[in-house]
Amino acid sequence: MTDISAPVYYDDDADVSTIETETVAVLGYGSQGHAHALNLNDSGIDVIVGLREDSDSWAEAEDAGLRVETPDVAAAAADRVVMLVPDTIQPAVYEAIKDGLEAGDTLQFAHGFNIHYGQIEPDEDVDVTMVAPKSPGHLVRRTYERGEGTPGLMAVYQDATGNAEAEALAYAKALGCTRAGVIGTTFQEEVETDLFGEQAVLCGGVTEMVKAGFETLVDAGYAPEMAYFECLNELKLIVDLMYEGGNMEMWNSVSDTAEYGGLTRGEEVINREGMEEILEDVQNGEFAREWINENQANRPSYKQYRAAEQSHQVEQVGGELRKLFAWDDEEEASEEVPAD
Ligand code: NAD
Ligand code: MG
Ligand code: MG
Ligand code: MG
Ligand code: MG
C-alpha cells in the first residue's frame, strides 16, 4: 500500500447514473471545455455548450454533434453549469448566467480562484464544486478516447443538496478521470498550491532560473548558442526523467559528476525566503488583489513584462537554433501515431 494522505477515488467509487438525468452546460469550448463537453457527451450525458454568438468555436462544437447556445440560455436549461471560460472572464460570465442557477443546481469549476477570492459569490441554495483534470484538455480528450484517463482533483465548496460530492465524482467518472485517480481536496488548497507552484517553481521559477543561467554564461563571454543548449534546451531531458521516475530517476541517469555537482551546488541558487513570501502573498490574497486590479486596468504591467520576456536574448537565439531542430517535431508527431 502506498501511503497517501489525501483521499483518492477510482471508477468503483463513482456512479455516472447519479447525474444521468442531468443536463450539463459546459461554458467555453477551449482547452478544457471541448474535452469536458465531448467526454460527457460520449458518456451519455445531455450536454449543451455555452458560447458567445460571435465565437469561432460555435461551428466547431456543432460540427462535433453538440448543441450550442449562448451561456445564459445554456445555464437556464441546465442542472449543472461548468465554468470553463478563462478565469479572468468568469465573474462577468457568472453575472450573465446566475439567473439560470435554480435551487439544487450545481455551479462547477476546474480552478477555484474566483470562488476562493470572492469574485463569484453563488447563492446558498446551489452546490458549488470542482472537477479539475491535472492535464491540458487535449490529453483529457485523447486519453478518454483510448479508454484511459488523466488524474484529476475534486472539491466541494458548498453542499446545498447533500449530493454535491457524489455528483462531482460521477462527473469525474464521465470525464474519464476516475480511471486514473481523482484526489479529494478543497478550493483553498487547490488555489493556493496551484498559484504557488506556477509562480515559485513551474512558470516563474523555471524561466527565471533559465534566464539567470543563460545571462551568467553570456556575460562571462561564452557563446549564447552554448548557453541556450546548456540552460534551456537540455531542461526537457531532465524534466522528462523527473516526470517518469522522480528526482532519483534523473540523478541515476546523469553522470556521477553531474549528480555530485548538482547535489552540492543546487541549493545555492534557491531563495527559500523568497518562496515563503510568494506563498504568503497567495495566502493573504495580496497576489489575487494585484492581479484583479491589473485586469481592471487593462493589464499595463502584464504587457510590459511580456514585451521584456519576448525581447530577451534567449528568445532570439532559441528562435534561430530551434529551426535547426525542425526534425524533432516530425519525429515526435510520428511517434504519436499508434503502431497498430
Ligand atoms: P481556454 O482559454 O482554453 O478556453 C476558454 C474558452 O472560453 C474559449 O472557448 C473561449 O472562446 C471561451 N470564452 C471566452 N470568453 C467567453 C465568454 N464571454 N462567453 C463564453 N465563452 C467565452 O481556457 P481553459 O484553459 O480551458 O481554462 C478553463 C478553466 O479550466 C479555467 O478555470 C482554468 O483555470 C481551468 N483549467 C485549465 C487547465 C488547462 O490545462 N488549460 C487545466 C485545469 C484547469
Ligand atoms: Mg438551471
Ligand atoms: Mg442537482
Ligand atoms: Mg494555474
Ligand atoms: Mg552538460
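Start by selecting valine 82, which lies in strand β5 (residues 80-83). Strands (E, at least two residues) and helices (H or I, at least four) are DSSP runs, numbered from the N terminus. The model is predicted: local features need pLDDT of at least 70, side-chain atom pairs count only at pLDDT 80 or more, and totals for chains, interfaces and linings use all residues. Residues are numbered from 1 along each chain as its sequence is written, while chains are lettered from A and ligands numbered from 1 in the order in which they are written.

**Stop 1: around valine 82**

Is valine 82 buried or exposed? Valine 82 is buried, because 29 other C-beta atoms lie within 10 Å. The cut-offs are these: buried means 20 or more other C-beta atoms within 10 Å of the residue's own, exposed means 12 or fewer, and partly exposed is in between, with C-beta atoms placed from the backbone.

Now show valine 26. It is 56 residues from valine 82 in sequence, yet their C-alpha atoms are 4.9 Å apart. Leaving out residues up to four places away in sequence, valine 82 touches Val24, Ala25, Val26, Leu27, His36 and Gln108. Contact here means C-beta atoms, placed from the backbone, within 7 Å.

**Stop 2: the cores**

Select Ala25, Leu27, Val49, Val81, Met154 and Ala172. Of the 62 residues in the largest nonpolar core, these touch the most other members. A nonpolar core is a set of buried Ala, Val, Leu, Ile, Met, Phe, Trp, Tyr and Cys residues joined through C-beta atoms within 7 Å. Helix α7 (residues 164-174) gives the largest share, seven residues. Domain 1 (8-185) and domain 2 (194-329) both contribute, so this core lies between them. The domain bounds come from an automatic or database assignment.

Look for a second, separate core too. It has seven residues, among them Ala227, Cys231, Leu232 and Val317.

**Stop 3: the two domains**

Colour domain 1 and domain 2 separately. Their centres, taken over C-alpha atoms, are 32 Å apart. Four residues from domain 1 and five from domain 2 make the contact.

**Stop 4: helices α8 and α9**

Select residues 187-202 for helix α8 and 204-219 for helix α9. Their axes come within 3 Å and cross at roughly 10°. Axes are lines fitted to C-alpha atoms, for helices over the stretch in contact, and angles run from 0 to 180 degrees between N-to-C directions. α8 and α9 are therefore roughly parallel to each other; that label covers angles under 35 degrees, with over 145 roughly antiparallel, 65 to 115 roughly perpendicular and the rest oblique.

Which residues of α8 and α9 make the contact? Glu198, Gln199, Ala200, Val201 and Leu202 come from α8, and Gly204, Gly205 and Val206 from α9.

**Stop 5: helix α6**

Move to residues 137-145, helix α6. Gly137, Val140, Arg141, Thr143 and Tyr144 are buried there. The buried residues of α6 pack against α1 (31-42) and β7 (127-133). Just after α6, glycine 147 takes a positive phi of about 80°.

**Stop 6: a loop with positive phi**

Finish in the loop between α14 (286-296) and α15 (300-310), where asparagine 298 lies. Most residues other than glycine have a negative phi. Asparagine 298 is not a glycine, but its phi is positive, about 70°. Asparagine 298 is exposed, with 8 other C-beta atoms within 10 Å.

Select arginine 299, found in the loop between α14 and α15. Phi of arginine 299 is also positive, near 65°. Arginine 299 is partly exposed, with 14 other C-beta atoms within 10 Å.

Notes. Two residues are in contact if their C-beta atoms, placed from the backbone, lie within 7 Å.
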